[in-house]
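Trainee: I would like to go through this model and ask what stands behind each label.
Mentor: Good. Ask, and we will set each value against its cut-off.

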Amino acid sequence: MNSSSTYCRTQSDLLYDQAVGFIPGGVNSPVRAFKSVGGKPVYFQSASGADVIDVDGNHYVDFCLSWGPLILGHSDPAVIAAVTQIAPRGLTYGACHPAEVQMAQTLVAALPGAQMARLVSSGTEAVMTALRLARGATGRPLIVKFEGGYHGHADALLVKAGSGLITHADPGAEASSAGVPKEIAQLTVTLPFADLDAVRNLFALHGSRIAAIIIEPLPANNGLLVQTAEFLHGLRHVTTQHGALLIFDEVISGFRLHYGGYGALVGVQPDLTTLGKIVGGGLPLGAIVGPRRILELLAPVGPVYQAGTLSGNPLSIAAGLATLRTLQDPAVYRRLNHLGAYLEHKLLATGIEWLRGQRQGSVFWPYFAQGPLPTRADTIDPLAVARFNNLYHHVLQAGFYLPPSAYEVLFLSAAHTEAQLDGLVAALVCAARQMT
Ligand SMILES: Cc1ncc(COP(=O)(O)O)c(C=O)c1O
């Protein structure tokens, strides 16, 4: 943390003013903009462990961590060593290499029921491919998703989507983004989370036209809307009954709470799992994982086309494998879970009743309101959002970088310390007192 209490961001502000002239909104992904919390984004120049330093030399404890991949923290020594060892041997071949086999084997071994993996370069690509596979496997057109679930920015999924779309989209539009034709949006049916009857009713009416349900089994893009195991089991049952696929989008939750998918924690085995973030260890990597009978529908074996120039590139795989190797030690997850519990308990102990949140392992959603923790997008109290937005800059000025939206979760890493969490709690308390 900066020893002086005032953070000056002259260089950051200058860069942003230049950026808006050359990059739409000054950012290369809308979630990085400070639209909901106000002000200008911070420009970082370096990072290590849980710390980031901006271009003005200010230090922050990072609770955004590139939105989830950095479960070991920034510049983890084993990850950096793996990447720097491999880089001089060629950045990309556009051809086969041994480590991609190792990565596919590693992912298959970690996910029950999986037999094959196709590696891509982002979570969005993984999900696009999973949906195409589902349609190819079933010959059906419709996809079911849940309101507030975010699955990347493919056309079919920008329908009542969470993440940056909550903050930035035109709420009047049928799709969550302009440029998505009505005809495409209409092939995606959205339902509320936590409502199995709605799912059953939909399948009763349209089951023969539904290719798949896609869900984040731990929905973490519209707050952290934890679903019950019964709901997830119910989805498994309905999809099996109607011959549709169940896709678990584990781009965030994969390897976040334990070594494997969230599905295994609740005892539900999906037909396909999409991965990203952690499996790339901070470099671009995504994966579609599932049984041979579905994965071998992909070209060049089957008729479902998918390709990528940089797919399975050696650097991303080196970073991902190094990360997964470290995560094989259960002590790492014990530490992550301890840190999550520590933050939760420290917040509860402040005596400010609304200073609290929803947590699963090392994922924490600051939900600054009283009453039940929401399980659906439409039950989030607007007061929680207003409070977060009001607190944001106080906390930033105290040296804590949070994702700049009330709907986003905080990520802890194995590199965080209890002292840093104490610091965050103290900054939140201080900011909360200034508000009242
Ligand atoms: C659950 C989920 N699926 C898919 C994506 C898209 O991944 P990417 O941003 O790598 O394209 C995200 C991104 O945050 C995500 O959280």
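**Labels and the values behind them**

Mentor: Start at the ligand. Helix α4 (residues 123-138) gives the most to the shell around it, with 3 residues. Keep in mind that this is a predicted model.

Trainee: Which residues come nearest to the ligand?
Mentor: Ser122, Gly123, Thr124, Gly152 and Val251, out of 15 residues around the ligand. The shell divides into 5 nonpolar, 8 polar and 2 charged residues.

Trainee: How do you know that lysine 277 is buried or exposed?
Mentor: Count C-beta atoms. The cut-off for buried is 20 or more others within 10 Å. Lysine 277 has 27, so it is buried.

Trainee: Why is serine 66 called partly exposed?
Mentor: Exposed requires 12 or fewer neighbours, and buried requires 20 or more. Serine 66 has 13 other C-beta atoms within 10 Å, so it falls in between. Its phi is also positive, near 60°. Serine 66 belongs to the loop between β3 (59-62) and α2 (77-86).

Trainee: How far is asparagine 337 from glycine 423?
Mentor: 86 residues in sequence, and 18 Å in space, C-alpha to C-alpha.

Trainee: What makes strand β4 (residues 116-120) largely enclosed?
Mentor: Burial again. 4 of its 5 residues are buried, so the rest of the structure largely encloses this strand.

Trainee: How do you know that β4 and β10 pair?
Mentor: Pairing needs at least two bridges. β4 and β10 have 5, in the antiparallel sense. Valine 120 stands opposite glycine 286 in β10.

Trainee: In which sense do β3 and β13 pair, and over how many bridges?
Mentor: In the parallel sense, over 2 bridges. The requirement is at least two, so the pair qualifies. Aspartate 62 has tyrosine 401 in β13 as its bridge partner.

Trainee: In what order do the strands of the open sheet run?
Mentor: β1-β2-β3-β13, 4 strands with mixed pairing.

Trainee: What makes β1 and β13 (400-401) edge strands?
Mentor: Each has a single partner strand, so one side of each lacks a neighbour in the sheet.

Trainee: How do strand β1 (residues 44-48) and strand β2 (residues 51-54) pair?
Mentor: They are antiparallel, over 4 bridges. Phenylalanine 44 faces aspartate 54 in β2. The hairpin has 2 residues between the strands, and glycine 49 takes a positive phi near 60°.

Trainee: Which residues have the most contacts inside the largest nonpolar core?
Mentor: Leu107, Ala212, Ile247, Ala287, Val395 and Phe400, in a core of 127 residues. This core draws at least three residues from each of domain 1 (10-63 + 330-435) and domain 2 (77-327).

Trainee: What does leucine 107 touch?
Mentor: Ala114, Ala117, Leu275, Val279, Ala287 and Val289, leaving out residues up to four places away in sequence.

Trainee: How do you know that domain 1 and domain 2 are in contact?
Mentor: The cut-off is C-beta atoms within 7 Å. 22 residues of domain 1 are in contact with 24 residues of domain 2. On the domain 1 side, α12 (330-348), β11 (357-360) and β12 (363-366) each supply at least two residues. That side divides into 12 nonpolar, 7 polar and 3 charged.

Trainee: How far apart are the C-alpha centres of the two domains?
Mentor: 26 Å.

Trainee: One last label. What makes the peptide bond from alanine 299 to proline 300 stand out?
Mentor: This bond is cis, with omega near 10°. Proline 300 lies in the loop between α10 (292-295) and α11 (314-327).

Definitions and conventions. Residues are numbered from 1 along each chain as its sequence is written. This is a predicted model: local features need pLDDT of at least 70, side-chain atom pairs count only at pLDDT 80 or more; totals for chains, interfaces and linings use all residues. A residue is near a molecule or strand if its C-beta atom, placed from the backbone, lies within 6 Å of it. Ala, Val, Leu, Ile, Met, Phe, Trp, Tyr, Cys and Pro count as nonpolar, Asp, Glu, Lys and Arg as charged, and the others, Gly among them, as polar. A nonpolar core is a set of buried Ala, Val, Leu, Ile, Met, Phe, Trp, Tyr and Cys residues joined through C-beta atoms within 7 Å. Domain bounds come from an automatic or database domain assignment. Two residues are in contact if their C-beta atoms, placed from the backbone, lie within 7 Å.
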